[in-house]
Amino acid sequence: MLINFNFRVIWEYMPLFLEGLRNTFLISIVSLILALMVGILACAARLSRWKLLRAVSIVYIESIRSTPLLVQIYFFYFGLPTLGLRVPELETGIIALMLNSGAYIAEIVRAGITSVPNGQIEAGISSGLSYTQRMRFIVLPQALGVTVPPLLGQAIVLVKDSALLSLISVLELTRCGQELTSERFMPAEGFLTVAVLYLCIYYCLKPLAGWSQKKLIFREEY
Amino acid sequence: MIVFKNVHKWFGKLHVLNDINLHVRSGEVVVICGPSGSGKSTLIRCINRLEKFQQGELYVDGQALHDHSINLTKLRADIGFVFQQFHLYPHMTALQNVTLAPVNVRKIDKKEAVALGREKLARVGLADKAEAYPAQLSGGQQQRVAIARGLAMNPKIMLFDEPTSALDPEMIGEVLDVMVQLAGEGMTMCVVTHEMGFARQVAHRVIFMDAGQLVEKGAPDEFFDHPKTDRAAQFISKILTH
């Protein structure tokens, strides 16, 4: 079986794979940064005292979290142009990933903020600290610690989710495997290489998660 | 210093404060007791507006709390509040817990605040624990840090909401000692507690609440030995049996 495995073709297609890897990496980074902004805004809206903002944020978060990412990507890619909005594939993909991850990040950040016991906030109020001061000195430093590890988890999910962009013909890593399959009919070589490269990204991110867990999570017991 | 005039408060349909009238003078130590759910905590939480009330008048240090235009930051800065569960900030050292509000609310210089913080920690007997995190301290020590945190604002009034109820028995004394000393220095204090020894030793008045009403008030010895109402007598016999 292994005898049929063609390493030469992998080498031959390496420039393509590296381009795919680079694109996957760039798509993920850009989407993640945008998703962080969307997520923080959505979380702020979710915790806002204005009902309308809260409602908008809840509708956004729930509709994203309850529908498949592929459906969202198809909606933006096929649906929006029929409504008169034409956006190139790559941008469409990034927008879809941004909105999708943003909803999850909003919930992660919210969990971090609400994990700070109310009593501490009351203690802050009692000593005359303003809302901004309470957020800055009491809530956020503690929320950050519990938020960063799940955020890195979400970043890893985002990298893997970006594979779905291959379905709207964005040349990212998974798409390279498909090219090798359609041009040479070598799916084993193609997708194994793709998988190994995803693994490389994963192992670049994983130590960060471990490090942040050690550094940032404030532990109750010493 | 603190004047309640016909104060009413409802949580939904529950009438938690029912026509409260009370006058706490400057330098007075008032102990508030009563069964759980009687409104004691709510009563003292109204004093620094952690709770709002719907009807009546409340004056604290000359400010009218029923008037919504008052400066709450200023009001709260002048009132220390000690919680049953301490509520120290776990990511800060004892000293940082104590100096946070002086630096950010009173806007005093950092160096000055550190000196002030150390002085207050020394006052509650924890000079050597300034750099410790709350999780490294016992319950009694945490509660004393919480008291120092209140004192660091040089408050005019100190409010205590069951400050010893969450403590192991052997740590209650160290917290009460600090409070007794504070009372001796003439601090105006409202203390929700069932510690009768403390009440007898330092309270000028004991107030008994039940079902949102202020049922009885009187000198501690008189209240504990000869309660005027049946409800108070029943309550006292219950806390005395153990």
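A cavity is a set of grid points where a 1.4 Å probe fits but cannot get out, and its lining residues have an atom within 4 Å of a point. The views below show a predicted model.

**View 1. The largest cavity is lined by residues of chains A and B.** About 90 Å³ of space lies in this cavity. A search of the whole structure finds 4 cavities of 30 Å³ or more. From chain A, the lining takes A123(A), S126(A) and S127(A). From chain B come R76(B), A77(B), I79(B), G80(B), F81(B), R149(B), G150(B), M153(B) and P155(B). Four elements each supply at least two lining residues: α6 (118-126) of chain A, and α2 (72-77), β6 (79-82) and α5 of chain B. The most comes from β6(B), with 3 residues. By class, the lining has 6 nonpolar, 4 polar and 2 charged residues.

**View 2. The largest pocket is lined by residues of chain A.** This pocket holds about 420 Å³ of space. Its lining consists of A44(A), L47(A), S48(A), R49(A), W50(A), L53(A), I113(A), Y131(A), M135(A) and L140(A). Helix α7 (residues 131-161) of chain A gives the largest share, 3 residues. By class, 8 lining residues are nonpolar, 1 is polar and 1 is charged.

**View 3. A148(B) is buried in the model.** This alanine lies in helix α5 (residues 139-151) of chain B. Buried means under 20% relative accessible area. A148(B) has 0% relative accessibility, so it counts as buried. Leaving out residues up to four places away in sequence, A148(B) touches V98(B), K120(B), L121(B) and V124(B). G125(B) is 23 residues from A148(B) in sequence, and their C-alpha atoms are 9.8 Å apart. Helix α5 of chain B also supplies at least two residues to the lining of the largest cavity.

**View 4. Strands β1(B) and β2(B) form a hairpin.** Strand β1 covers residues 2-11 of chain B, and strand β2 covers residues 14-24 of chain B. The two pair in the antiparallel sense over 7 bridges. F11(B) stands opposite L14(B) in β2(B). There are 2 residues between the strands. In the turn, G12(B) has a positive phi of about 65 degrees.

**View 5. Chain A has a mean pLDDT of 90.** Of its residues, 95% reach 70 or more. Among the elements of chain A, helix α3 (residues 51-65) has the highest mean pLDDT, 96. Helix α9 (residues 187-216) of chain A has the lowest, 84.

Methods: Residues are numbered from 1 along each chain as its sequence is written. Chains are lettered from A and ligands numbered from 1 in the order in which they are written. This is a predicted model: local features need pLDDT of at least 70, side-chain atom pairs count only at pLDDT 80 or more; totals for chains, interfaces and linings use all residues. Side-chain values use heavy atoms; hydrogens and water are left out. Two strands pair if DSSP finds at least two bridges between them. pLDDT is the predictor's confidence in each residue, from 0 to 100. Buried means under 20% relative accessible area, exposed over 50%, partly exposed in between (1.4 Å probe, protein chains only). Contact means heavy atoms within 4.5 Å. On a 1 Å grid over the protein atoms alone, a cavity is a set of points where a 1.4 Å probe fits but cannot get out, and a pocket is an open set with protein on both sides within 12 Å along at least five of seven lines; lining residues have an atom within 4 Å of a point. Grid points are joined across faces, edges and corners, and a volume is the space filled by probe spheres set on the points. Ala, Val, Leu, Ile, Met, Phe, Trp, Tyr, Cys and Pro count as nonpolar, Asp, Glu, Lys and Arg as charged, and the others, Gly among them, as polar.
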